[in-house]
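User: Please take a close look at one part of this model: the place where the two chains meet. I would like one connected account, with the surroundings included.

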Amino acid sequence: MILTGEEIKKKVKSNEIVINPFDENAINPNSYNFRLGDYVKVYKNKILDSKIKQECEIINIGKDGLLLSPDILYLGYTMEEMGSCSYVPIISGRSSTGRLGLFIHITADLIDIGSINHWTLQLHAVQPVRIYKEMPIGQVTFWKPFGDIVLYNGKYQGSKEPKESQIWKDFL
Amino acid sequence: MILTGLKIKSEVYNGNIHIKPFLEDNLNPNSYNYRLNNKLLEISEDVINPFSYAKCNEITLTDAGYRLDPKKVYLGSTIEEIGSDNYVTQLIGRSSVGRLGLFLQITAPLGHIGSKHCWTLELKSVQPLIIYPNMKIGQVSFWCVEGQIRFYNGKYNLYNEPHISEFSKELTNE
């Protein structure tokens, strides 16, 4: 079952859900709007290889925003540190950003229970679109789990910035 | 409610969830990682018509890897047969793979209850990307249902390899 906005608010207050900083105005009927951090990363290589560690470079988002090109993947991050040891978060875009053709994750919406981070956003624009730091760019929903819980303790835990893929470790 | 990794494990052993072959190491807190099989289909027509059977090139993935072209969608397959008569399966990517800009499905993550087979993956990369057979490329989650169940008995149930769209049959069956 999906938590309502009012339930999310209650669970934040009881510390069963972490949203930091938390803004009550960002609560929706079934979700919470999160905002975009102030820089993104792009891979230095145009051609990516899953087996090889890929280096990135940082692009700051200035006051005039950043124009996204459709042929590049950008790794952004949420301003908020978020997560829960009691509920499963799922992120999505907002219909306002979807209507601009902006993906904020690439088929990877499910967040592991126990993962508490500034989440990495995978930004892809269908057409060139300008994004701005602190824009409410996506939303998170929280879902009840069924079964005994083992909390996430993986590669990306504790992230405070965009984290590039570490899938190359699977090939070691 | 979404099943935890421990619940997925116990339901696989109880026979209520079908994942074959099943590797406990591939369990996550809320999902199970599936692997990429070694066969891809690449649609070879410039313009795709949903009312006719699209022509495809068959590609065999090897340990040398294969580079995906961002302008194309490729059909791959899971190594595992996956599904359940008790829970709804959702098939998505992994964040490690999303961070490389690879879509594993094109807005169609929902599996029908009762559907148990190797799943066709809809692969699209934002940048050119080299992929390899057997890589842990995505994850499945399982969800409790409410209401009377009627099992899937449709077009794709019989296939254990990448399978092209059969949208054209929806028109001819009218």
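Here is the part I mean, followed by the account. Which elements give two or more residues to the side of chain B that touches chain A?

Analyst: The model is predicted. Start with the contact itself.

40 residues of chain B are in contact with 39 residues of chain A. On the chain B side, the elements that give two or more residues are β1 (2–3), α1 (5–13), β8 (88–93), α2 (95–98), β9 (102–103), β11 (129–131) and β12 (136–143). The largest share comes from α2(B), with 4 residues. By class, this side has 20 nonpolar, 15 polar and 5 charged residues.

Strand pairing also crosses between the chains. Take β1(B). It is joined to β13 of chain A, residues 145–146, by 2 bridges. The two strands run parallel. Within this pairing, P145(A) has I2(B) as its bridge partner in β1(B).

Next comes α1(B). Its buried residues are G5(B), K7(B), I8(B), K9(B) and E11(B). They pack against β13 of chain A. They also pack against β1, β2 (17–20), β3 (32–35) and β12 of chain B. After α1(B) comes G15(B), with a positive phi near 85 degrees.

A second pairing involves β11(B). An open sheet of 3 strands has the order β4(A)-β11(B)-β6(B), with mixed pairing. Its edge strands are β4 (48–49) of chain A and β6 (66–68) of chain B, each of which pairs on one side only. Between β4(A) and β11(B) there are 2 bridges, in the parallel sense. One residue pair can be named here: D49(A) has I130(B) as its bridge partner in β11(B).

Now a single residue on the chain A side, I113(A). This residue sits in the loop between β9 (102–103) and β10 (117–125) of chain A. I113(A) is buried because 24 other C-beta atoms lie within 10 Å, and the threshold is 20 or more. Leaving out residues up to four places away in sequence, I113(A) touches residues of both chains. From chain A these are S84(A), C85(A), V88(A), P145(A), I149(A), L151(A) and Y152(A). From chain B they are P29(B) and N30(B). K44(A) lies 69 residues from I113(A) along the chain, and their C-alpha atoms are separated by 32 Å.

Chain A has 2 helices and 13 strands. Its radius of gyration is 16 Å, close to the 16 Å that the globule rule gives for 172 residues, so chain A is as compact as a globular protein of that length. Its C-alpha trace spans about 45 × 40 × 20 Å along the principal axes. Of its 172 residues, 41% count as buried.

Chain B has 3 helices and 12 strands. The radius of gyration of chain B is 16 Å, close to the 16 Å from the globule rule for 174 residues, so this chain too is as compact as a globular protein of that length. Its C-alpha atoms fill a box of roughly 45 × 45 × 20 Å along the principal axes. Buried residues make up 39% of its 174 residues. Among contacts in chain B with a separation of 6 or more, 75% join residues 24 or more positions apart.

Conventions. Residues numbered from 1 in each chain as written. Chains lettered and ligands numbered in written order. Predicted model: local features only at pLDDT ≥ 70, side-chain atom pairs only at ≥ 80, totals over all residues. Contact = placed C-beta atoms within 7 Å. Nonpolar A, V, L, I, M, F, W, Y, C, P; charged D, E, K, R; others polar. Pairing = 2+ DSSP bridges. Buried ≥ 20, exposed ≤ 12 C-beta atoms within 10 Å, placed from the backbone. Rg over C-alpha atoms; globule rule 2.2 N^0.38 Å.
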